[in-house]
Amino acid sequence: MSSAWDQQAPRYAEVLLPLPLDTPYIYALPENLRVQATVGMRAQVPLGNTTRVGIITALREQSDVRQIRPLERLLDDAPLLGEGLLSFYAWLADYYFAPLGSVLDLALPTGLLLPPGTRVFLGMMGKKVLDGFPMSAAWGLDAKEEKLLLKLLGVLRKSGPLPLGKALPGGLTEARLRQWAAAELVMLKDERNPFAVKTERVYQWNEEAEPPTARAKKQRDIWAYLQECPQKTSSRAELLQHFPSCQSSLKAMVNKELVLEDQRECLRSPLSTQLLHEGDEDNATLTLTEEQQRAVDAILPALVQPDTPFLLHGVTGSGKTEVYLRAMEACLSRGKQVLMLLPEIALAPQVVTRLRARFGPRVAVWHSALSHGERRDEWTRILRDEADIVVGARSAIFAPLKKLGLIVVDEEHEGSYKNEEGVYYHARDMAVMRGRIEQAAVVLGSATPSVESINQVRLKRYQRLSLRERPGTTVLPQVDTVALPYATKEDNLLSSELLLACRQRLSRGEQAILFLNRRGFSPYIFCHGCESPVQCPHCAVSLTYHRIQGKLLCHLCGFASPVPKHCPSCESTELELKGVGTQKVEDEISQSFPEARVARLDRDVLGRKGELTRLLQEVRAGDIDLLIGTQMVAKGHDFPGVTLVAVLNADQSLHFPDFRAGERTFQLLTQVSGRSGRRDIPGQVLIQTDSPDHPAIRCAVELDDKGFYKEELKARHALGYPPFTRLALLRIESRDEQQAGEVSHHLADALRSLVHKQNLEGKVFVLGPASAPIAKIKDTFRFHVLVKSPTVRALRSLLKQAKVRELLQGGKEVRIRLDIDPVHML
Ligand code: ADP
Ligand code: ZN
Ligand code: ZN
């Protein structure tokens with residue numbers, strides 16, 4: 001008998017699986033699921049002879065596919081992903097020539113799309129056994145099994161439920177485990193959510209019980225404490241904190257049923273554990289400067305009716321964050337959600353702290369350093385509407401917000417927004433697209449916007465909001481150049497001008513930052529026999545000497561070796577450490593200023609969790625006089641006492657084989673200069689360079705960003721580089737150099753002949769193949785073929801005609817990857 005419902009309810013579902021596939025598969029909806037099934041829910045489906053989990057992307061009345069298998073079950077009660085988000089995934093997949101299923105795989109936390117499994121929990125009887133209850137003969141255990149059981153129960157109590165597979169140690173069969181489950185020693189549950197749930201034990205005041213006797217002092221204290229707790233419940237961890245060594249009293253109280261024990265799911269908050277060390281200052285009551293107010297006034301209407309994205313172009317220290325925060329407040333008060341992207345969350349604890357200070361636990365943090373469990377918890381909080389602000393690094397662009405009202409991309413010029421594994425997407429560009437699809441306002445902010453974004457302003461596709469001044473009395477620093485002290489000796493980057501400036505600052509109790517983008521002690525070890533630096537055996541780069549580890553290290557592959565006595569290629573013993581890295585500067589500075597507190601910030605320092613936060617905190621508190629660091633010191637920190645910033649070698653980044661070398665140098669110099677003089681004392685910046693007339697350096701010194709963008713745009717136009725052309729970089733890689741070269745040649749030839757056939761001459765240009773600037777990494781040889789076109793349409797048309805998608809899939813020996821709008825050309 002079929003009801004009216006059946007006729008209306010769809011009979012088929014398209015399910016997208018997290019596999020490199022473009023299209024979803026069709027499954028028949030069993031009658032009992034037809035009403036419930038909704039786009040965006042997870043569904044468990046058969047595929048071949050396996051079971052998979054995917055997302056329902058469409059529901060259909062009809063299907064012309066034959067032999068449709070039934071969908072097995074739905075894993076959610078409500079959609080996990082909104083339709084807007086699904087359209088966004090589809091757009092992204094199409095733009096980057098990536099399989100839609102791969103985008104899904106990338107977007108969702110690991111484990112969310114695994115088939116649900118059976119999990120083993122501690123059973124009622126198991127608990128008692130752990131607490132000393134004797135084994136029952138009825139369970140029929142031999143000595144060995146008793147041991148196994150006790151061990152398993154112990155693990156379950158200590159670390160929570162286990163997947164079935166992991167709960168079967170040597171010798172234990174599933175059948176036997178099921179018998180234990182029947183005896184309530186363990187409990188088997190089929191979980192819908194395949195994440196390992198982290199639980200904690202909680203204790204509740206039992207209202208029906210008599211209070212403990214006066215003699216049991218500790219029990220009375222616990223009893224009184226529990227009565228004061230919200231809901232008269234407290235976690236074991238909290239209790240242990242208040243009453244160290246209360247375990248036995250607790251156990252006694254549980255046995256007497258004075259308190260009730262339970263398990264509760266606990267969500268880990270990465271914020272509370274890592275990022276809340278700094279004082280939660282908040283300045284919600286701050287009066288905005290006129291410029292800030294104008295920017296906010298421009299953004300607010302866009303929260304109602306989004307138009308073109310905004311480019312918040314504000315000099316360092318101009319108070320961009322406050323503008324974001326006001327826009328966020330307005331967005332939340334309209335009942336909409338906020339997504340904020342930061343280039344590297346570990347380097348931005350202040351922004352997160354300020355968000356947290358103003359919005360409290362409504363902030364969810366999302367970045368790649370979160371454990372799977374933490375990610376799942378943050379997802380859960382978003383899905384339960386407990387968090388309506390998501391702040392995170394590039395992958396947060398996929399966050400499952402369903403009522404998105406505002407997307408903020410801070411430091412939009414940063415290269416780390418480009419993902420360079422799997423699907424090569426650019427999170428800033430995708431933020432603009434997600435904003436368009438989901439009708440959300442988009443604010444991109446930077447002191448040094450990318451040339452692309454500046455060009456979008458020029459074309460009136462973005463609206464610029466300018467902050468030219470710092471609030472209050474803070475002024476921009478005085479910037480000067482100093483010739484590099486190379487002429488005398490290549491191994492010293494500390495000019496007398498620089499040392500003098502440091503001495504002056506130190507004598508006044510002020511702080512200085514010395515910036516050098518090279519970690520290690522000596523960046524290379526030079527062989528006088530073959531007249532070249534000693535190279536990594538696996539990569540085409542030289543090895544760096546790290547004195548602290550006493551080793552030569554490869555910064556690309558991590559290869560480490562003791563310092564050799566002979567050159568590995570010519571056996572010569574005439575080896576010399578050359579060049580300067582941060583470790584060496586630290587050494588020399590400590591010698592020159594023995595009384596100063598010197599610290600170093602680079603990737604070598606970041607071994608321990610929390611180390612970075614601690615170091616940044618110390619600099620902020622004025623506990624460090626001289627900070628030496630790589631680009632990590634250039635990011636948006638606000639160090640009140642720093643009045644001198646010195647760039648030890650500004651020419652270093654100018655000579656990169658990349659058309660963006662000038663842009664990056666300008667950005668780096670401007671950003672690092674911005675760390676100087678952020679309070680009342682005017683700041684000073686010294687830039688050591690031998691090319692003071694290069695536009696990137698000259699404009700950074702003169703604080704002339706308009707001038708820089710004008711010259712840079714002119715140069716890009718003349719050379720036919722973005723933003724005047726669009727690029728697609730085909731990256732060809734193989735362990736076999738010859739094969740990689742051959743494939744590259746074939747590829748380039750095929751593309752060229754296609755250009756000819758399609759009459760795209762003069763519209764699309766194919767360059768290469770050429771060896772990549774770093775020709776070998778981890779024993780893999782690398783080649784580039786670059787496709788270039790003034791229009792994205794012609795470029796895409798060629799790539800489609802070339803069936804580039806198929807090329808990307810085939811070939812085990814040689815891997816081809818497609819990088820649309822490449823950012824790093826190395
Ligand atoms: P940016 O991100 O543009 O480099 P920040 O947002 O870090 O700048 O702001 C720099 C400093 O100025 C911060 O200490 C901030 O608290 C302060 N600030 C921002 N807006 C104002 C204002 N309207 N009045 C006074 N101080 C402000
Ligand atoms: Zn040699
Ligand atoms: Zn290497």
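Predicted model: local features only at pLDDT ≥ 70, side-chain atom pairs only at ≥ 80, totals over all residues.
V479 stands opposite V685 in strand β30.

Now widen the view to the whole sheet. It is open and has 6 strands, paired in parallel. Their order is β19-β30-β29-β20-β28-β27. Which strands stand at the edges? They are β19 (478-482) and β27 (598-601). Each has a single partner strand, so one side of each is left without a neighbour in the sheet. On average, neighbouring strands are turned by 20° against each other, direction ignored.

Helices lie across this sheet. Helix α17, residues 496-507, lies across β19, β20, β28, β29 and β30. Against β30 it runs at about 160°. Helix α19, residues 611-621, lies across β20, β27 and β28. Its angle to β27 is about 135°.

Next come the zinc sites. Take ligand 2 to begin with. Which residues hold this zinc ion? The protein donors are the SG atoms of C527, C530, C567 and C570, lying 2.2 to 2.4 Å from the ion. The angles among the 4 donor atoms are 101 to 118°, and the site is tetrahedral. For comparison, the ideal angle for four tetrahedral donors is 109.5 degrees. In sequence the donor residues follow the spacing C-x2-C-x36-C-x2-C. C530 sits in the loop between β21 (524-527) and β22 (532-533), while C567 sits in the loop between β25 (560-562) and β26 (575-578). The pair therefore ties together parts that are 37 residues apart in sequence. Are these two cysteines buried or exposed? C530 is partly exposed, because its relative accessibility is 31%. C567 is buried, because its value is 2%.

The zinc ion of ligand 3 also has cysteine donors. They are C536, C539, C554 and C557, each through SG, at 2.2 to 2.4 Å. This site is tetrahedral too, with angles of 106 to 114° among its 4 donor atoms. The donor spacing is C-x2-C-x14-C-x2-C. C554 counts as buried because its relative accessibility is 4%. C557 has a relative accessible area of 24%, so it is partly exposed.

From α20, the contact uses G662, E663 and F666. From α22, it uses D705, F708, Y709, E712 and R716.

Some backbone details follow. The peptide bond from P722 to P723 is cis, with omega near 5°. P723 lies in the loop between α22 and β31 (726-734). The bond from G768 to P769 is also cis, with omega near 10°. P769, however, is found in strand β32, residues 765-777.

Two residues other than glycine have a positive phi. For N759 the value is near 55°. N759 lies in the loop between α23 (737-757) and β32. It counts as exposed because its relative accessibility is 59%. For D821, phi is near 50°. D821 lies in the segment after β34 (814-820). With 15% relative accessibility, D821 counts as buried.

Conventions. Residues numbered from 1 in each chain as written. Chains lettered and ligands numbered in written order. Heavy atoms only, no water. Donors = N, O, S within 2.8 Å, 3.2 Å for Na, K, Ca; no water. Tetrahedral: all angles 85-135°; square planar, octahedral: opposite > 155°, others 65-115°. Buried < 20%, exposed > 50% of the residue type's maximum accessible area, 1.4 Å probe, protein only. Pairing = 2+ DSSP bridges. Helix = DSSP H or I, 4+ residues; strand = E, 2+ residues; numbered from the N terminus. Axes fitted to C-alpha atoms, helices over the stretch in contact; angles between N-to-C directions. Contact = heavy atoms within 4.5 Å.
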